[in-house]
Amino acid sequence: MNSTKKINIVVGNAIRILRESKNISQEELGFRANLHRAYIGQIERAEKNITIQNLDKIAKGLEVMIQELFLIYPEPPRLWLEKNGMPVTLKKTKKLMV
């Protein structure tokens, strides 16, 4: 797995964890950040590369500093795993999300 995919996973997981910890829906975060809710979901699933400008919008929507989006957070509701030194999660369907 390349480094771009790895950082997308870290950032996507951080956004999701921060969003859920604040009880904000993807739709609400999209509204706050002026981004489409589907785009928020794609970022959280590491399906899209994100620009610095959009990271800044999301950080402001979450009311966090942008550097907090690059941290690896523990995930109480989901199981953390590591595959080849990379953080991955299990979805509720128990399929590995890489």
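Reply: Glu44 counts as buried, at 4% relative accessibility. Buried here means under 20% relative accessible area; over 50% is exposed, and in between is partly exposed (1.4 Å probe, protein chains only). The model is predicted: local features need pLDDT of at least 70, side-chain atom pairs count only at pLDDT 80 or more, and totals for chains, interfaces and linings use all residues. Residues are numbered from 1 along each chain as its sequence is written, and side-chain values use heavy atoms, with hydrogens and water left out.

Glu44 lies in helix H3. Helices (H or I, at least four residues) and strands (E, at least two) are DSSP runs, numbered from the N terminus. H3 covers residues 37–44, and its buried residues are Tyr39, Ile40, Gly41, Ile43 and Glu44. Just after H3, Ala46 has a positive phi of about 60 degrees. Glu44 is 30 residues from Ala14 in sequence, yet their C-alpha atoms are 8.0 Å apart.

Neighbours within four places in sequence aside, Ile15 is in contact (heavy atoms within 4.5 Å) with Leu29, Ile43, Glu44, Leu55, Ile58, Leu62 and Leu69. Asn8 sits in helix H1. Asn8 is buried, with a relative accessible area of 11%.

Now the core. A nonpolar core is a set of buried Ala, Val, Leu, Ile, Met, Phe, Trp, Tyr and Cys residues joined through side-chain atoms within 4.5 Å. The largest one has 20 residues, and Ile15, Leu29, Ile58, Leu62 and Leu69 have the most contacts inside it. H1 (3–21), H2, H3 and H4 each supply at least two residues of this core. H1 gives the largest share, 5 residues. In soluble globular proteins, nonpolar side chains tend to be buried together.

Next, the helix pairs. Axes are lines fitted to C-alpha atoms, for helices over the stretch in contact, and angles run from 0 to 180 degrees between N-to-C directions. The axes of H1 and H4 come within 10 Å and cross at roughly 20 degrees. H1 is therefore roughly parallel to H4. Angles under 35 degrees count as roughly parallel, over 145 as roughly antiparallel, 65 to 115 as roughly perpendicular, and the rest as oblique. The crossing of H1 and H4 is left-handed, meaning the near helix is turned anticlockwise from the far one by less than a right angle; clockwise is right-handed. Val11, Ile15, Leu18 and Arg19 of H1 meet Leu55, Ile58 and Leu62 of H4. This contact has 6 nonpolar, no polar and 1 charged residues. Ala, Val, Leu, Ile, Met, Phe, Trp, Tyr, Cys and Pro count as nonpolar, Asp, Glu, Lys and Arg as charged, and the others, Gly among them, as polar.

H2 (residues 26–33) also packs on H4 (residues 52–62): their axes come within 8 Å and cross at roughly 115 degrees. That makes H2 roughly perpendicular to H4. This crossing is right-handed. Leu29, Arg32 and Ala33 of H2 meet Lys57, Ile58, Gly61 and Leu62 of H4. By class, that contact holds 4 nonpolar, 1 polar and 2 charged residues.

Last, the whole chain. Four helices and three strands make up the secondary structure, in the order α-α-α-α-β-β-β. Of its 98 residues, 41% count as buried.
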